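Hello,

Here is the structure I promised to pass on to you. Have a look at it first, and then read my notes below.

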Amino acid sequence: MLLPVLRRFLRPYRRDVLIVVVLQFVQTLAALSLPSLNADIINDGVVVGDIGYILRVGGVMLLISGVQVACAIGAVYLGARAAMSVGRDLRHAVFSRVQRFSVAEASRFGAPSLITRSTNDVQQVQMVTLMTFTIIVMAPIMMVGGVIMALRQDVGLSALLLVVVPLLLGLMGLIATRMGPLFRLIQERIDRINRVMREQITGVRVIRAFNRQESERERFARANTELFDTSLRVGYFMALMFPTVMLIMNASSVAVVWFGAGRIDSGAMEVGSLVAFLNYLMQILMSVLMASMMFMLVPRASVSAERIDAVLATEPGIVRPAQPRELPAGRAVIELDGASFGFEGAAEPVLHDISLRLEPGRTTAVIGSTGAGKTTLVNLLPRLIDPTAGAVRAAGIDVRELDPAELRARISLVPQRAYLFSGTIASTLRFSRPEATDEELWAALDAAQASEFVRELGLDARVEQGGSNFSGGQRQRLAIARALLKPADLYVFDDSFSALDYATDARLRAGLPTATAGAAVLIVAQRVATIRDADEIVVLDEGRVVGRGTHGELMASNETYQEIVLSQLSVQEAA
Ligand code: CTP
Ligand code: MG
């Protein structure tokens, strides 16, 4: 998987890559020529005592070294730049792909894994790219060149290479194949650490409230130890690698000197050639070592590339059609037409054959116990999910034929879990309409019954991530103000009044027709008082509509509704 990913992401930098390869080629040739020249100095300069020759060839060696250094600097600079660019582009690709995911795709991977994939996994690929450009491209050139140069120095001694090189390659290959599977395990365990960490940070209050610190610490320790164990096993193999290489290198040097001495003694070889041969042997073995670094890095990067590619290859379930139809000007009526919905892999659908018409100027309410499918129904409207059967229509057009952005511009939603983005109160509210003036912000806050506490804090008061520095009720009201600020054809409130007391709830609802300027309103609630004035109340039970009508009609005829009302009345009366 590594190669296709790299090929795709290196394409914009192929000019740089080409230059890197050329520079590394020149650099390696320079490195290979030095021992030969050194041998010449010894054989024809030192042995004969020709100072002029020594200085001349020495000068050439100096010049070649200069070229080598310049090439190395250029190659590392360009290589590093290309590798880092690939990292940046990969992160960007993963991020923008995840942004387009619908809830279904995002939950398939899970947030912690998506974070690991866009950080750690990208880093592995970036690392292997960097290593390739800075050292590994040299390996094959150096290996082939080294063998040729060694042969030129002394054919007889070169027989040694036939033993040493395959031995080293074989050992490295053996170690690398044992390490490969461990790398996949490491990435998975990093995922797990992220998951546990995330859960513990978000759930810290629950953990303290139930005194679960000890067991949570153990859970983290377990995940941590597992990562440690796997990393340690990889470490053992890596630790084994270098001594192995050193042993083989030094043993082969001994062999070279041993056999070389005999050949010099018999006059078959010159002293300088022995020195040069030793140098070439080292260069060859170094190149084998570099190649074997590939064995260490590539398996891990392949696993990472696969994990990144899995994200990039996932098509968002909800996409803009190639030829989206336009919504007509004016207010659109949004409706559900026999819509059903089931979660992937679940046996029972969550919603069965729901029909609902949301018209301008009318307030529709959906009531039902927890788990009845209310939030699922709400998610269908702005096309956060698609129905598995039936359709959602806006102005008579199936929403799957519309640009989701255009549809969503017409719907303003207060989600059940009011999420506020970090910033100031003003910036949080303007999230829905950046150009809103301060007066408009205050009008929305007034309508959401939030101006009182905001007036005390000021519009520039800080909002922490998620709105965590506000109470549940304050958060809900800010989310309502944010939604009211956006002009829309349909306003949806998913259980948004639950944290408000009865009086505030009533005041807020009384102001809604004005605040929504006569758009359609959908209120989802569990509390009867919140919805009793609605033009139409839909009673939802286990994903089915079991009654619809006004409060009066339902009270007269609908058993489920009567039950809900009775259970809540007795609670109120008791209070
Ligand atoms: N569900 C699920 N997977 C999800 C969300 C919900 O399987 N990611 C299931 C739940 O088990 C639930 C059903 O879908 O039984 C309906 O969930 P939802 O629409 O969220 O129920 P609500 O009526 O909104 O419940 P509440 O009043 O508690 O918000
Ligand atoms: Mg809900």
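Let's start at ligand 1, where one of its oxygen atoms is 3.2 Å from a polar backbone atom of Ala372; a polar contact is a pair of N or O atoms within 3.5 Å, and within protein one atom must be able to donate a hydrogen and the other to accept it, with residues adjacent in sequence counting only if both atoms are side-chain atoms. The protein covers 58% of the 600 Å² of accessible area that ligand 1 has on its own (Shrake-Rupley method, 1.4 Å probe; for residues, only the protein chains shown count as cover). An oxygen atom of ligand 1 also lies 2.9 Å from a polar backbone atom of Gly371, and one is 2.7 Å from an N or O atom in the Gln416 side chain.

Before you go on, please keep in mind that this is a predicted model, in which local features need pLDDT of at least 70 and side-chain atom pairs count only at pLDDT 80 or more, while totals for chains, interfaces and linings use all residues. Residues are numbered from 1 along each chain as its sequence is written, chains are lettered from A and ligands numbered from 1 in the order in which they are written, and side-chain values use heavy atoms, with hydrogens and water left out.

Gln416 turns up again at the magnesium ion (ligand 2): its OE1 and the OG1 of Thr375 are the protein donors, 1.8 to 2.2 Å from the ion (donors are N, O and S atoms within 2.8 Å of the metal, or 3.2 Å for Na, K and Ca; water is not among the atoms, so sites may look incomplete). Thr375 sits in helix α11 and Gln416 in the loop between β6 and β7, 41 residues apart (helices are DSSP runs of H or I with at least four residues, strands runs of E with at least two, numbered from the N terminus). Thr375 is partly exposed at 29% relative accessible area, and so is Gln416 at 39% (buried is under 20%, exposed over 50%, partly exposed in between; 1.4 Å probe, protein chains only).

Now for the salt bridges: the count comes to 27 (a side-chain nitrogen of Lys or Arg within 4 Å of a carboxyl oxygen of Asp or Glu). One of them joins Arg192 in helix α7 to Glu226 in helix α9, 34 residues apart, with the closest N and O atoms 2.5 Å apart. Another pairs Asp386 with Arg383 at 2.8 Å, and both of these residues are buried.

Enjoy exploring!
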